[in-house]
Structures are given as structure tokens and as C-alpha cells.
Amino acid sequence: MNKIIIITGSRKGLGYSLCNYFLEQGNIIYGCSRRTTNIQHENYSHFCLDVSDETAVIDMVRQIYKKHKRIDILINNAGAASMNHFLLTPYSTAQKLFNTNFMGTFLMCREVAKYMIRQKEGRIINYSTVAVPLNMQGELVYSSSKAAVEQLTKVLAAEIGESGVTINAVGPTPISTDLIKNVPENKIIELIQHQSIKRIGTFEDVLNVIKFFISPESDFITGQIIYLGGIN
Amino acid sequence: MTHKEIEVIVLTVLEDFCNSNKISAEINSHTPLIGGSRILDSMGLVNVIVDIETAFLDKDIEISLTSEAAMSVRISPFRTVGALCNYIAKQLGIEENE
């Protein structure tokens with residue numbers, strides 16, 4: 001493919017797997033996370049940053065643009081989760097989740113979209129969750145931050161629709177990553193029971209939707225949220 | 001960088017944008033970019049702002065044209081070409097033109 005791709009939250013989980021997949025396909029990948037990564041590849045560069053740090057995000061995106069004069073794909077994979085009853089949720093937790101999930105996505109989209117609009121093409125992939133349409137108890141802050149990401153995706157799609165840049169979101173079901181490591185097993189089972197297809201999701205399920213969104217034939221697909229597992 | 005150089009970059013980007021989008025307008029420091037007499041629609045303004053940011057970046061000069069007051073006719077840094085040049089000059093620590 002030989003595309004310039006930014007993948008946030010690339011140190012572990014889905015982000016790590018996505019980096020390895022797209023590197024194998026011959027792309028140039030720029031990842032970021034708060035800590036260092038063990039990905040070693042000639043086409044991989046890593047930025048240690050917090051996606052809600054405006055200055056750091058601007059600097060990262062500008063460095064990439066200055067080097068390549070283009071950015072083809074942005075995958076806003078970085079995310080934080082917390083499960084708790086609303087009345088027991090600390091304000092600091094709500095701030096942290098909104099900072100990573102919404103502000104991080106907002107900043108990355110804003111900075112990358114500038115160059116994509118200019119080059120008149122580009123693909124942005126955001127992450128939602130099935131917890132949004134399911135209105136799940138205990139997921140108030142997490143799902144609210146992801147609902148904000150969905151709204152960002154839809155409005156941004158409308159604002160830049162004529163520019164050749166598409167922006168869509170994938171809404172995964174639970175997948176065995178660190179993101180859900182603290183969620184009780186019975187809660188995961190309960191969530192899966194809401195799905196039309198009752199199994200835990202996989203990296204390949206998410207990758208499949210991302211590949212659909214970034215394919216050249218998907219240039220008429222924007223502002224869409226695709227949930228996995230038959231949730232709607 | 002001088003205020004004059006800023007003005008040259010801004011005017012060049014604007015003229016290029018207007019030419020490629022078949023917009024005929026007189027472009028000088030008084031040309032309005034927002035409001036009733038503006039020469040660009042809102043998406044055109046966004047495109048021009050991005051092009052200006054990128055034009056400076058191509059010269060290794062980093063500016064940020066995000067603004068809380070972007071759409072305010074009274075105080076927007078984008079209300080006229082001159083105001084935009086002053087906004088950039090201020091970011092770069094260069095004396096503004098009156």
C-alpha cells in the first residue's frame with residue numbers, strides 16, 4: 001500500500017496489532033502512546049505523548065507532514081475505559097476518559113484533517129463502542145465519551161464531506177485487550193448476550209471494518225458508525 | 001520575517017485559492033474574510049486558513065490559526081486580510097500594522 005498512516009495508542013492491544021498488520025503491508029506507520037513501544041521496524045516511528053496534549057499532538061502531526069508532505073490514514077485507536085456506578089465515579093476519572101477518548105480524537109482529527117483537506121483525500125477512523133447504543137449501566141462516563149466521538153465523527157463528516165476526506169467510526173464489542181481487563185467476566189458475558197452474534201470480538205473483526213473504511217472504493221462512505229456483533 | 005513577508009504569503013495563498021475556485025474579488029488588506037461582504041464561504045475560509053498555516057510550515061514557521069473568536073465579525077482575527085496578517089504577526093512576535 002505504501003501509505004502514511006498514524007495509529008494512536010500503538011503500544012499494545014488493537015493499536016499494536018494494527019501497526020504490525022499495516023507494516024507487513026508495506027506502509028509507513030507513525031504510532032504514539034504515553035510510553036515507549038517494542039515495535040522495531042524500519043518503517044515505524046514512535047512518539048511518546050498523551051493524545052490530549054495539544055502541543056505534543058500538533059508537533060507530532062507537523063513533523064510527519066513536513067517529512068512526507070501528506071498523511072493518508074489516521075486511526076484514532078487510543079482509548080481509556082472505566083467501569084463504575086455513576087455515583088461512585090470520581091470527577092478525575094471522568095476527566096481522564098474524556099481527555100483520552102474525546103479530546104485526543106478531537107485534536108488528532110483537527111490537526112490531520114488540515115493536511116488531508118489540502119491533499120483532497122484521506123481516511124480517518126475513530127473508535128466508538130457497542131456500550132453507546134446499549135446504554136449500559138456502569139459505562140456512563142466511558143460510553144458518554146464515545147458518544148461524543150460518534151457525534152464528532154458525524155459532524156466532521158458533514159463539515160469536510162466535499163473535501164475528499166472520509167471519517168467513520170467502528171464500534172467494537174468486547175475484545176480481549178487491556179481495555180477490558182478490569183471488567184468482571186459476568187459483565188462481559190451479559191454484554192455479549194445483547195449481540196446478535198454471541199461471541200467475543202477479535203482483532204480481525206475490527207481490522208475488517210477498518211479495511212472497508214480505508215479502501216479506495218469507500219470514498220462515498222462517511223459519517224458512519226459500524227457496530228460489530230449485530231448491535232444497533 | 002517581516003510584516004510585509006507575512007502579507008505576501010497571505011495574499012499569495014488567497015489569490016491562488018480565488019483563482020483556482022473562480023472567485024473574482026479585489027484582494028487587499030481591507031478585503032473581508034467573514035461577514036456579509038466576505039469573499040469566501042465558510043469552507044473556503046477554512047481551506048484558506050489551512051493553506052496559510054501550511055504555507056508558513058513549508059518555510060519552517062509554525063503558526064496556529066485556531067481562534068475562539070473565529071466567526072465574530074467584531075473581533076475575529078479573520079475579519080479582514082489585514083487583521084489576519086496582524087494576528088499572524090502577533091504570534092510571531094512581529095509588530096502589527098495599524
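## The cavities

By class, the lining of the second largest cavity has 3 nonpolar, 5 polar and no charged residues, where Ala, Val, Leu, Ile, Met, Phe, Trp, Tyr, Cys and Pro count as nonpolar, Asp, Glu, Lys and Arg as charged, and the others, Gly among them, as polar. This is a predicted model, in which local features need pLDDT of at least 70 and side-chain atom pairs count only at pLDDT 80 or more, while totals for chains, interfaces and linings use all residues. Residues are numbered from 1 along each chain as its sequence is written, chains are lettered from A and ligands numbered from 1 in the order in which they are written, and side-chain values use heavy atoms, with hydrogens and water left out.

The second largest cavity has a volume of about 30 Å³, and among the residues that line it are A:Thr8, A:Val51, A:Asn76 and A:Met108. Helix 3 of chain A gives the most to this lining, with 4 residues; helices here are DSSP runs (H or I, at least four residues), numbered from the N terminus. The largest cavity, of about 50 Å³, has a lining that divides into 3 nonpolar, 5 polar and 1 charged, including A:Ser82, A:Phe86 and A:Glu139. On a 1 Å grid over the protein atoms alone, a cavity is a set of points where a 1.4 Å probe fits but cannot get out, a pocket is an open set with protein on both sides within 12 Å along at least five of seven lines, and lining residues have an atom within 4 Å of a point. Points are joined across faces, edges and corners, and a volume is the space filled by probe spheres set on them.

## The second largest pocket

The second largest pocket has a volume of about 780 Å³ and is lined by 24 residues, of which A:Arg110, A:Leu156, A:Glu159, B:Val46 and B:Thr66 lie nearest its centre. The largest share of this lining, 7 residues, comes from helix 3 of chain A, and by class the lining has 17 nonpolar, 3 polar and 4 charged residues.

## Where the chains meet

The contact (heavy atoms within 4.5 Å) takes 11 residues from chain A and 13 residues from chain B. Across this interface there are 7 salt bridges, each a side-chain nitrogen of Lys or Arg within 4 Å of a carboxyl oxygen of Asp or Glu. One of them joins B:Glu53 to A:Lys114, with the closest N and O atoms 2.8 Å apart.

Conventions: Helix = DSSP H or I, 4+ residues; strand = E, 2+ residues; numbered from the N terminus.
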